[in-house]
Amino acid sequence: MTTAAGITRYGIYIPSTRLPLAFIHGGKAKEGGPEKAVAGFDEDSITMAVTAAADCLQGMDRRTIDGVYFASTTSPFREKQAAAFVAKALDLRSDISTIDFGGTLRAAASALVAAINAVHAGSAKQILVIASDSRLAAPRSPIESNFGDAAVAFLIGSKNILAGVESSYAIADEIYDAWRSETDKFIRSWEDRFVVTHGYQDNLVKACKGLLEKLNRSVKDYNKAVIYGPDARSLSSAAKAIGFSSEKVQDALFGKLGNCGTAFAPLLLASSLEQAQAGDKLLLAFYGDGAEVLSLVVHPHGFKPHHSIAWYLQRGKALRSYDSYLKSRHLEASEFDRRGGDGVPATVHYRERDSDISFLAQRCTKCGTLHFPACRVCYGCYAKDQFENVRLSDKTGKVLSYSFDHFFPTPEPPLIVGMCEVDNGARVYVQMTDATQDMLRCDLPVEFVFRKIHDAGHRPNYFWKSRPL
Amino acid sequence: MSTRVKKGEGIRDKVAIVGVGCCKFGENWHQGSEDMIVDAVYEAYADAGIENPQQQIEAIFCGSVYPSRGTAEVAESLKLFDRPVSLTQNYCATGTDAFRYGVAAVASGMHDTVLVVGFDKPKDRGVSGPSIHMNTARGLPMTPAGWFSLCCARYFETYGAGREELAKIAIKNHHNGTLAPKSMLKKEVTMDEVMNARMISWPFTLYDCAAQSDGAAAAIITRRDLAKSFRSDPVYVKGVSIALSANPQTDPHFDFLAWKPTIAAAKDVYAQAGISNPFKEIHLAQLHDCFTMTELLSYEDLGFIEKGSAKEHIHNGTFELTGQLPVNTDGGLKTFGHPTGATGVRMIYENVLQLQGRAGPRQVKGATMALSHNLGGAPQTCALALLGIEG
């Protein structure tokens, strides 16, 4: 017996840092000029995934999640699973299925279809699918202007479906269009016209036609085409070749966000879901080593993510210079680059995961006093080992007191740090992100986001930061 | 918060200081810890009239936060072997805590005469300021300036003080430092210089931060009844205390307006000495001005003045050399220098000179009771030593 499956919730994340495209060619940023969203120095595909997923899961019981599928071409780890890391940061159950989907720009399609199939088959009730990418082009190379960074999370389930997945169709193709070998830091690509014509357009048209044939439908049956595109021109010519008129093609936000890799088509789908009416049919097309196309139908629903795409777009903050971008990606030598330094011992990380990654405080079951990080004896009543875990990451709080540290090494000094009181009374000493000095005051309301703290020990070391609400 | 119950009769007038010494503080590139320890201890020997330390020094209590070899560093420098030598390490309260162990050893009758040595040699590390480690992801930035600045925002918003009041403390201590022969910095500074200096951790500029330096200081202590066999004007220990409180970063009840360990240690030391009005009964104080805000909060936390009234007193000059209660008469950590383990003993050195009328141009007239104060950690630990000349 199979169960109907589809998207039941979603959440997005777009970093607040913007790189004005003019910087790339040595120009000056113009107000309202084209720009792209780039991960800040404390962000990567894992932190962005956690933030998007937290919005997707807002207000629900996280113990009901049976799996995390993480799709990205830029996991910070070549060996070590990002999905398990994200699950830990989200404080999910440990008896769940975690899978990393990678290696191709259409990894998100594979993850979505796998999740749909698992729910169909009844092997899982709810699976979190997250697409997150922060791809690196060689500085000042032609493709650098195109890439942007973002993450999108979908919850796949069978109840309260907001977009049902009717069918999917995939083709595989072997072509050197864009690739990164074992030792490449930057993405390589072949000549643009060859790649767009014989890679992107051929595959996309073939897959879309395949799906339409399979369902015995035409483009007229679809209200919106949500199509991955490497740039505005290639997207519009592919859409035309499939047969979609330009007003049916979901706006790909070029000049605002950039092509965010595996997360791009998912982000455009989220954008289209923000506007879709019940009954709308959406064609969702992914590209990468072939193409994969999904047919979706929008159901009546009441779900809205906390933060919309428009919200993220309007809170963008332009970088001061191209140099600060290079520094934040470790593309420029810096005296503060301590990646070879000590790092968090793996044993310490292991022992402190509940505090540092899941951001769990402890509540004394005798007197109610909250403690962060975990400890053995209560500050309030001195009871020993009488604690229950309380998740802080989904709470808000306020700044009790703060400072701006100019001495501690950071790519963008000063480092803002504050003692925060979480709404439930727990106290946390955390750095602040997406904030400027002039915003700070005592009692400023904040929320908490998962961020990279440093790369010491040649690996990302994560913790939570506060962010002004 | 727990209520600590004080038991025991305390230390008042049981132990005397009969000799003190201090090396020149600074970036002592030409001196190792051996040189500085020998300079400080031999000055203390001479001060106490000790001619045969091999016979007269029974035990050594050392304090150092960055020792290279620990107890052996001191014993081998002085060639004092075959006797007890211990080392204590207690954040920035290390020097005063080493002194406290020495006092307790003499008061208990275990020893008659012991040597206390505080020393540190941070300038062999090759970095300016504190070392930065990235062996944790939580709790960063882990810099002393970052930790100690955490009270500023809330205190400023609550009581109206600000960077100008902090600057006045820096200006005062820079002035006092010019009058102390062994201080590291001898430089007057102006309000403009302090306000416009490089920011370290808001609101602290370079001039709000103590000068990290190399240094060593020593004290020789003995039983009260033996004191006058060393010199005619011994200084008596009226009280000595240390208290460790919850880390402000994890304390669920911290209010960011006061440092708790200072309040706890002050309560204890005043009880030992029978002090009921510290502002009147204490005539000068060496306070732990690692950062100017620490000195400001300490005026209040030690009960010298009402909570929140520091601004007014700073403008009135209460704590200047000519004021009612001079603070940091030798320039403090700010300009005398801050070799962590030596600092508490250096403060005792200055208070002994002041009580014996030997402080030269910075002498506070008629002083009979002097307090010294260390605050260390995040901060969590405070040590106090109260000395007097009438026993």
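This note walks through some features of the two-chain model above, point by point.

1. **Ground rules.** This is a predicted model, in which local features need pLDDT of at least 70 and side-chain atom pairs count only at pLDDT 80 or more, while totals for chains, interfaces and linings use all residues. Residues are numbered from 1 along each chain as its sequence is written, chains are lettered from A and ligands numbered from 1 in the order in which they are written, and side-chain values use heavy atoms, with hydrogens and water left out.

2. Buried stands for under 20% relative accessible area, exposed for over 50%, and partly exposed for what lies in between (1.4 Å probe, protein chains only).

3. Contact means heavy atoms within 4.5 Å.

4. **Helix α4 of chain A.** Helices (H or I, at least four residues) and strands (E, at least two) are DSSP runs, numbered from the N terminus. With 15 residues, α4(A) reaches 21 Å from its first C-alpha to its last, close to the 21 Å expected at 1.5 Å a residue; the expected span is 1.5 Å times one less than the number of residues. Its buried residues include A:Ala107, A:Leu112, A:Ile116 and A:Val119. Just after this helix, A:Gly122 takes a positive phi of about 85 degrees.

5. **Helix α4 of chain B.** This helix (residues 94-107) has 14 residues and reaches 20 Å from first C-alpha to last, close to the expected 20 Å. Because 10 of the 14 residues of α4(B) are buried, the helix is largely enclosed by the rest of the structure. Among the buried ones are B:Thr94, B:Asp97, B:Phe99 and B:Val106. Just after α4(B), B:Gly109 has a positive phi of about 90 degrees.

6. **A helix pair in chain A.** Two packed helices are described by the angle between their axes and the distance between the axes. Helix α5 (residues 192-215) and helix α6 (residues 232-242) of chain A pack at about 35 degrees, with axes 9 Å apart. Axes are lines fitted to C-alpha atoms, for helices over the stretch in contact, and angles run from 0 to 180 degrees between N-to-C directions. On the α5(A) side the contact includes A:Val196, A:Tyr200 and A:Leu204, and on the α6(A) side A:Leu235, A:Ala238 and A:Ile242.

7. **Cis peptide bonds.** In chain A, a cis peptide bond joins A:Phe372 and A:Pro373, with omega about -5 degrees. A:Pro373 sits in the loop between β16 (370-371) and β17 (387-391). In chain B, the bond from B:Trp202 to B:Pro203 is cis, with omega near 5 degrees. B:Pro203 lies in the loop between β5 (199-201) and β6 (204-205) of chain B.

8. A:Asp385 has phi near 60 degrees, a positive value in a residue other than glycine, and is found in the loop between β16 and β17 of chain A. Its relative accessible area is 35%, so A:Asp385 is partly exposed. B:Asp82 also has a positive phi near 60 degrees; this residue is in the loop between α3 (71-78) and β3 (85-88) of chain B. With a relative accessible area of 82%, B:Asp82 is exposed.

9. A:Leu268 belongs to helix α7 (residues 264-275) of chain A and is buried, with a relative accessible area of 0%. A:Leu268 and A:Ala252 are 16 residues apart in sequence and 6.5 Å apart in space, C-alpha to C-alpha. A:Thr17, in strand β2 (residues 17-20) of chain A, is buried at 15% relative accessible area. Residues touching A:Thr17 include A:Lys36, A:Val38 and A:Leu319.

Technical notes. Lists of a residue's contacts leave out its neighbours within four places in sequence.
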